Amino acid sequence: MPVEGGSSSSSALAARHPKQKRKAHSLSIRRTNSTEERPQGILRGDMLEGQDSKLPLSVRNNLLDLFGQIEREFENLYIENLELRREIESLNERLTGDGQVIEGGDPTKGALKTKASHSTSQLSQKLKTTYKASTSKIVSSFKATTGSRALCQLLKEYVGHRDGIWDLSVTRTQPVVLGTSSADHSALLWSIETGKCLLKYAGHAGSVNSIKFHPTEQMALTASGDQTAHIWRYMVQLPAPQPPPDVNLPCDEDQDSSDREEGEVDVEGPCEVPTVRFATATLKSHQGVVIAADWLVGGRQVVTASWDRAANLYEVETSELVHTLTGHDQELTHCCTHPTQRLVVTSSRDTTFRLWDFRDPSIHSVNVFQGHTDTVTSAVFTVGDNVVSGSDDRTVKVWDLKNMRSPIATIRTDSAVNRISVSANQRIIALPHDNRQVRLFDMSGVRLARLPRSNRMGHRRMVCCTAWNEENQTCNLFTCGFDRQAIGWNINIPALLQEK
């Protein structure tokens with residue numbers, strides 16, 4: 001999570017309070033078929049000579065042995081597959097021969113040969129099934145179906161921050177722009193179509209941990225590691241649109257890029273753009289890092305979540321503190337407001353998230369959800385009566401506000417989940433992961449797609465947040481990560497649901 005006053009990728013990652021992220025180092029290993037094929041006079045250290053690595057020689061030798069074992073396993077599997085292929089071809093020839101003998105022959109012999117042919121066919125089918133099962137795991141990792149090629153298209157990359165990007169959001173008023181908040185103490189506004197930076201907010205003295213836009217006015221709300229939240233106005237003019245890039249990759253492509261994993265996007269920061277340095281209102285009541293903030297329906301009040309274990313409710317016009325929401329046992333990680341009702345949900349490192357009800361001015365009720373076993377990184381509302389929560393326990397749960405005792409769906413993943421988002425129209429859940437993946441699920445927990453991640457596109461570090469934009473009958477998904485860039489995607493929803 002964002003840190004107070006963080007200004008570099010390394011320091012911010014090392015000081016993340018909820019969970020520690022460790023940079024993975026890429027290895028360059030010289031390939032060899034087996035240890036027996038090495039000349040006796042050549043040691044492993046000689047094989048690695050000239051390769052730049054900080055690993056001890058003993059560790060590298062151990063890795064060589066492990067990779068050698070993996071390669072031998074693949075060789076054995078390949079040989080076994082070749083033998084199975086030959087047996088299948090032989091059985092097919094026998095089946096063809098049996099069919100020729102039966103025609104015009106003795107009926108009794110024909111019956112016997114029919115039985116033999118039937119048993120041979122069963123054996124052939126069994127061999128085919130075995131062959132398919134033995135190769136499916138390998139083939140499925142590399143094969144891309146033709147029908148999925150139009151599901152996810154790269155829209156634009158937004159590069160300009162000097163440190164990791166914690167959060168991003170899309171304006172709800174015209175002109176529609178993208179906002180990003182970063183550990184470099186700034187928030188930037190971007191043209192979605194051109195990728196050009198339009199405006200910079202530089203009023204915070206610490207990491208900017210979240211950004212949300214007013215529902216009807218050109219105002220932004222940012223939360224920061226300097227223990228404050230700022231409300232500031234912006235005015236931008238969109239540049240002329242550019243032709244979209246000719247990029248079309250399948251959502252299930254999973255080509256790893258370990259050589260790019262530990263590098264970030266090298267930039268000199270955005271070009272000279274208008275800069276806002278002073279806030280319209282500053283909210284100062286917290287005693288710790290303000291990790292998130294959001295507007296209540298109508299935009300007259302805001303809620304903030306902090307590492308001081310409390311959430312605060314403020315009046316926008318007067319900056320006055322209205323309520324302090326206490327009850328969490330550990331630091332808060334996120335807060336979210338309902339799009340149409342006066343409801344707030346806060347998540348925490350105490351493995352719970354809480355629903356706060358302000359619909360009745362005289363009664364402020366709270367409900368506690370206890371469905372996770374690790375830090376709840378975010379909990380968000382859908383347009384209907386659902387809450388979706390994500391956690392470091394590698395699960396995402398869908399809850400019904402009318403029956404909050406148990407989740408109605410559980411999504412199990414292979415990596416911790418960060419700040420999730422749900423599309424308003426189709427209610428598709430976008431999951432950003434620590435392992436750089438972004439996966440799409442429906443509300444029943446069925447996986448729909450995985451965004452492309454290859455040598456040419458995708459995030460190089462953990463993905464921190466996702467945000468949807470469904471304006472003008474198009475569906476865009478935006479992702480940001482600690483590799484200092486945000487990425488926009490065009491999602492073909494009809495094709496996605498048809499694939500389902």
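Visitor: Hi! How do β13 and β14 pair?
Guide: Hello! In this predicted model, strand β13 (residues 311–315) pairs with β14 in the antiparallel sense, over four bridges.

Visitor: Which residue in β14 stands opposite asparagine 312?
Guide: That is threonine 324.

Visitor: What is the strand order in the sheet that holds β13 and β14?
Guide: The order is β11-β12-β13-β14, an open sheet of four strands with antiparallel pairing. β11 (290–295) and β14 are at the edges, and each has a single partner strand, so one side of each has no neighbour in the sheet. From one strand to the next, the twist averages 20 degrees.

Visitor: Okay, and what about the sheet with β23 in it?
Guide: That open sheet has four strands too, in the order β23-β24-β25-β26, and the pairing is antiparallel. Its edge strands are β23 (421–422) and β26 (447–450), which each pair on one side only.

Visitor: How many bridges join β23 to β24?
Guide: Two bridges do, and these strands run antiparallel, with β24 covering residues 429–432.

Visitor: New topic! How many salt bridges does the structure hold?
Guide: It holds seven. One of them is between the side chains of glutamate 217 and arginine 233, at 3.2 Å from N to O. Glutamate 217 lies in the loop between β6 (208–213) and β7 (219–224), while arginine 233 is in strand β8 (residues 229–233), so this pair ties together parts that are 16 residues apart in sequence.

Visitor: What does glutamate 331 do?
Guide: The side chain of glutamate 331 meets that of arginine 349 in a salt bridge, 3.4 Å from N to O. Both residues lie in loops: glutamate 331 between β14 (321–325) and β15 (332–337), and arginine 349 between β16 (343–348) and β17 (353–360), so the pair ties together parts 18 residues apart in sequence. Glutamate 331 counts as buried, at 13% relative accessibility.

Visitor: And which residue does arginine 439 form a salt bridge with?
Guide: Its partner is aspartate 414, and the closest N and O atoms are 3.2 Å apart. Arginine 439 is in strand β25 (residues 438–441) and aspartate 414 is in the loop between β22 (409–412) and β23, so parts that are 25 residues apart in sequence are tied together. Arginine 439 counts as buried at 7% relative accessibility, whereas aspartate 414 is partly exposed, with a relative accessible area of 44%.

Visitor: Which residues do salt bridges with shared partners join into one network?
Guide: Asp167, Lys212 and Arg419.

Methods
Residues numbered from 1 in each chain as written. Predicted model: local features only at pLDDT ≥ 70, side-chain atom pairs only at ≥ 80, totals over all residues. Heavy atoms only, no water. Pairing = 2+ DSSP bridges. Salt bridge = Lys/Arg side-chain N within 4 Å of Asp/Glu carboxyl O. Buried < 20%, exposed > 50% of the residue type's maximum accessible area, 1.4 Å probe, protein only. Axes fitted to C-alpha atoms, helices over the stretch in contact; angles between N-to-C directions.
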